[in-house]
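Open the structure in your viewer and keep the selection tool at hand. The stops below say what to select next and what is there.

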Amino acid sequence: MDTIIESSSVGLIKPGVIEPIKVEVQNTISRDDRTTVGEAFVDDPRMTLRNVNVFYGAEQAIMDVSLDIGKRQVVAMIGPSGCGKSTFLRCINRMNDTIDGCRVTGDIKLDGEDIYHPDLDVVSLRSRIGMVFQKPNPFPKSIYDNVAYGPRIHGIATNKTDMDEIVVTSLTKAGLWNEVKDRLDQPGTGLSGGQQQRLCIARAIAVNPEIVLMDEPCSALDPIATAKIEELIDELREQYTIAIVTHSMQQAARVSQRTAYFHLGDLIEIGDTDQIFTNPRHPLTEDYITGRFG
Amino acid sequence: MSPTTLILTLAALSLFGFWLGRQRSIVVARGKLKDLHSLPVYYGYYTALWCGIPAFLIWCLWLALETVIIPDLVVAALPSKLRDVSPDHLTLIVNDIKNLVTGNIVSSNVDPAIQVAADHYQHLLNISHMALAVVVLTLAIAGAVLAWKSIKLTRRARNAVEGTVKVFLVASSTIAIFTTVGIVLSVLFESMRFFDSVPITNFIFGLDWSPQMAIREDQVGSSGAFGAVPLFAGTLLISFIAMLVAVPVGLMSAIYLSEYAGPKLRAMAKPILEILAGIPTVVYGFFAALTVAPFIRNSGGLLGLDVSSESALAAGLVMGIMIIPFVSSLSDDVINAVPQSMRDGSYGLGATKSETIRLVIIPAALPGIVGGVLLAISRAIGETMIVVMAAGLSANLTANPLQAVTTVTVQIVTLLVGDQEFDSPKTLAAFALGLMLFITTLVLNVIALHVVRKYREQYE
């Protein structure tokens with residue numbers, strides 16, 4: 001389709017095949033335009049990602065995405081399935097390294113330091129950028145050992161008292177302490193789904209990361225457990241920078257300050273969450289959040 | 001008609017019955033197969049089963065009883081001078097008669113009375129087979145005709161056929177179970193006969209093994225000793241050495257293959273490793289006896305150690321190599337069964353690959369690995385050929401792997417090889433040893449299965 005890209009001051013002339021947009025938005029951008037709109041960059045960012053491309057073999061999963069992640073805020077990444085948002089998230093702590101045939105290009109910096117630099121130790125990077133996964137994945141160990149796992153491998157605690165303190169603090173921050181304080185020696189796999197996910201969050205924050213990545217952390221949970229996790233994310237924002245991938249637009253609206261909309265590997269629009277959900281600038285974003293696509 | 005020809009005829013009849021039944025159902029349906037309760041093939045099977053099975057059962061029963069009844073009849077017809085002898089002698093005579101009938105060599109010159117008896121036997125056999133043919137064929141035809149006549153639209157042939165199939169399946173599994181039970185019971189009873197002549201405490205706790213029994217009271221060296229401890233000690237020593245080789249090597253190769261190796265290498269290396277399990281144990285045996293044992297003796301000699309030419313070490317090492325694929329293959333499977341999310345979780349916390357393997361994957365897979373190792377141990381304990389060839393026969397009670405030891409399986413072999421009377425304690429001891437071995441491996445297998453099952457519950 002050879003649509004003409006219009007300048008913003010002139011009304012959009014559409015070809016007859018596309019039905020006119022009914023919502024009253026001053027959309028002046030074509031659906032075929034994949035240039036990012038909105039405020040991708042912030043002042044004083046924690047992480048800067050520039051021109052990130054990800055390839056699986058010959059296939060390109062992420063196309064030239066640039067954005068910043070600011071300090072002490074939650075960035076939500078939304079988009080239809082297969083749009084590359086999880087892949088993008090996994091670039092941030094180099095989890096894509098574990099996938100055969102996955103190649104990342106571009107410039108990703110954490111506090112000005114290139115995280116793909118050959119001299120950088122991926123182990124220490126991942127201790128600075130924690131991750132919570134889609135499905136709760138506690139280790140088949142006791143609740144205590146699950147939380148203590150990270151501090152142990154990084155040698156954070158020197159003695160038992162320190163370790164106890166880390167475990168208690170992490171579980172408390174994750175809002176799980178009151179539920180598990182009497183059974184720390186029982187297996188983490190015996191908890192309910194929501195508790196397991198909060199245990200995984202506790203495990204991630206036990207190593208005192210600067211950034212926490214969450215890959216659809218509530219998609220396997222019921223609404224009540226989801227509400228608890230969302231509450232927790234809101235509290236964690238005071239201490240950590242959080243990037244969250246989610247399928248639920250309500251969730252993105254509830255927990256995040258900035259939202260990025262991905263579409264087939266392109267970052268289509270990014271901006272303040274309020275603005276994105278009330279006044280999207282790109283027609284694809286609007287299609288998605290009004291439920292016409294996705 | 002000989003029983004073999006008869007059974008072939010019966011099979012042909014059943015096949016014909018199948019065709020008849022199928023045709024009949026099509027005729028009954030008048031071309032509207034939808035009206036039939038079952039598909040035409042089921043009516044075919046139904047007729048064939050009615051034709052074949054009752055007749056076949058009678059055939060089996062008849063042949064089983066024939067071998068009992070005919071000799072009795074022949075014996076009853078023997079002249080009294082031949083009949084009034086000891087039961088053992090009578091058995092001999094009956095054997096002669098049977099040999100005459102089948103045309104084998106007989107034990108002495110043929111007595112005319114026995115020749116007469118043999119003719120009588122042959123005559124009875126002919127009558128029996130003729131009668132069998134008549135009965136079986138009548139039954140087969142009658143069954144087929146009855147089934148054929150009963151075919152109508154509402155006849156539930158499918159249900160009947162599937163019911164029969166189920167009976168076959170039950171019968172097959174019963175055969176396996178009863179065979180096991182039968183073997184266990186026979187070993188148990190023979191062992192009890194052994195324990196009549198040798199006290200069970202002497203057997204289990206005795207430290208000497210020298211399996212012989214006096215034939216005469218005053219014989220030199222008449223005292224035998226049946227203490228099984230040296231044998232079990234030898235078995236455990238060799239199995240221990242084998243596990244010392246197999247567990248680390250197998251486990252590490254499993255870790256390498258499942259975590260580090262690329263898909264291409266893995267696809268190639270795993271089958272090659274599993275070939276080790278396909279090498280006949282006798283080949284391992286001569287490899288152990290001719291290559292490894294002399295090598296160990298020579299290297300021991302260089303170090304100034306006294307190594308016997310048949311050593312527990314040689315047998316254990318080779319057995320360990322044989323068992324590697326058990327351990328590695330089972331461990332590889334359980335390591336692969338650990339979900340990828342566990343690895344991701346660990347990597348996401350900044351763990352290295354070896355930390356992840358050591359602290360997350362192995363503990364998660366441990367129950368399965370333990371199960372695999374226990375299965376390997378029971379394999380090692382029961383292994384015979386390698387130890388027969390490489391470990392020696394002398395029942396030393398020693399923990400020194402450089403000396404010759406012997407194992408339970410080796411002794412069972414030596415006790416039963418050659419011409420033996422089957423009622424002396426010497427041969428009966430083999431059954432007692434077999435029983436002990438069976439109990440040991442059974443316990444290990446039960447533990448292994450239990451552990452493996454517990455592991456399964458965790459991820460499913």
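The tour starts with chain A and then moves to chain B.

This is a predicted model, in which local features need pLDDT of at least 70, side-chain atom pairs count only at pLDDT 80 or more, and totals for chains, interfaces and linings use all residues. Residues are numbered from 1 along each chain as its sequence is written, chains are lettered from A and ligands numbered from 1 in the order in which they are written, and side-chain values use heavy atoms, with hydrogens and water left out.

**Chain A**

Chain A averages 84, and 90% of its residues score at least 70. Now select residues 1–24 of chain A, where pLDDT stays under 50. Where pLDDT is low, the predicted coordinates should not be read in detail.

Four strands make an open antiparallel sheet in the order β3-β2-β5-β6. At its edges are β3 (59–70) and β6 (113–114), each pairing on one side only. Two strands pair if DSSP finds at least two bridges between them; β2 (residues 45–56) and β3 of chain A have eight, in the antiparallel sense. Within this pair, A:Pro45 stands opposite A:Gly70.

Axes are lines fitted to C-alpha atoms, for helices over the stretch in contact, and angles run from 0 to 180 degrees between N-to-C directions.

**Chain B**

Select helix α1 (residues 3–29) and helix α5 (residues 112–150) of chain B; their axes are 10 Å apart, at an angle of about 10°. That makes α1(B) roughly parallel to α5(B), a term for angles under 35 degrees. Contact means heavy atoms within 4.5 Å, and residues making this one include B:Leu13 and B:Gly21 of α1(B) and B:Val136 and B:Trp148 of α5(B).

Move to B:Thr47 in helix α2 (residues 40–77) of chain B. Is B:Thr47 buried or exposed? B:Thr47 is buried, with a relative accessible area of 0%; buried means under 20% (1.4 Å probe, protein chains only). Residues that B:Thr47 touches include B:Gly17, B:Ala144 and B:Ile151.

Finish at B:Pro40, also in helix α2 of chain B. B:Pro40 is buried too, at 11%. Its contacts, leaving aside neighbours within four places in sequence, are B:Arg22, B:Ser25, B:Ile26 and B:Leu33.

Technical notes. Helix = DSSP H or I, 4+ residues; strand = E, 2+ residues; numbered from the N terminus. Buried < 20%, exposed > 50% of the residue type's maximum accessible area, 1.4 Å probe, protein only. pLDDT = per-residue confidence, 0-100. Parallel < 35°, antiparallel > 145°, perpendicular 65-115°, else oblique.
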